[in-house]
Amino acid sequence: RQKKFGVDYLTLVERKASQAALKECLKEAMKEINELQAQINDHYDSIEEKKQGVVRKTDDDNDGGGASGARSTPAPTKAK
């Protein structure tokens with residue numbers, strides 16, 4: 001996408017496009033970047049949720065050994 005933006009922008013410069021057209025090209029690139037960042041953040045959130053689920057399952061499995069396997073204090077949780 002960076003390459004596409006660069007090519008588009010330089011093409012506009014070469015064609016002596018107006019400042020408004022250059023700003024519009026930049027605005028579109030920024031819009032695409034923001035959309036991609038939102039998708040990345042959604043993926044990170046999904047990964048974190050799955051990771052927390054695995055940690056909880058592992059803790060549950062470790063705690064399931066009866067009285068001898070019980071913890072006297074709760075397991076620490078990781079901060080996001």
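Predicted model: local features only at pLDDT ≥ 70, side-chain atom pairs only at ≥ 80, totals over all residues.
The chain holds two helices and zero strands. Of its 80 residues, 5% count as buried. The chain exposes about 7,200 Å². Carbon and sulfur atoms supply 55% of that area.

Helix H1 covers residues 2–14. Helix H2 covers residues 19–63. A loop lies between the two helices, and Lys16 is part of that loop.

H2 has 45 residues. From its first C-alpha to its last, H2 reaches 65 Å. This span is close to the 66 Å expected at 1.5 Å a residue. Four residues of H2 are buried: Leu22, Cys25, Ala29 and Gln52.

Lys23 also belongs to H2. Its relative accessible area is 53%. Lys23 is therefore exposed, because the value is over 50%. Lys23 and Tyr9 are 14 residues apart along the chain. Their C-alpha atoms are separated by 9.4 Å. Tyr9 lies in helix H1, whereas Lys23 lies in H2.

The phi angle of Lys16 is near 55 degrees. This is a positive value in a residue other than glycine. Lys16 has a relative accessibility of 73%. That figure is over 50%, so Lys16 counts as exposed.

Aromatic contacts were then considered. A pair of aromatic rings is described by the distance of the centres and the angle of the planes. A search of the whole structure finds one aromatic pair. The pair is formed by Phe5 and Tyr9. Their ring centres are 5.5 Å apart, and 40 degrees separate the planes.

An α-helix has 3.6 residues a turn, so residues three or four places apart point the same way.

Phe5 has a relative accessible area of 26%. For Tyr9 the relative accessible area is 28%.

Definitions and conventions: Residues numbered from 1 in each chain as written. Heavy atoms only, no water. Buried < 20%, exposed > 50% of the residue type's maximum accessible area, 1.4 Å probe, protein only. Areas by Shrake-Rupley, 256 points an atom, 1.4 Å probe, with all protein chains shown as cover. Expected span 1.5 Å × (residues − 1). Phe/Tyr/Trp six-rings, centres within 6.5 Å; stacked < 30°, edge-to-face > 60°.
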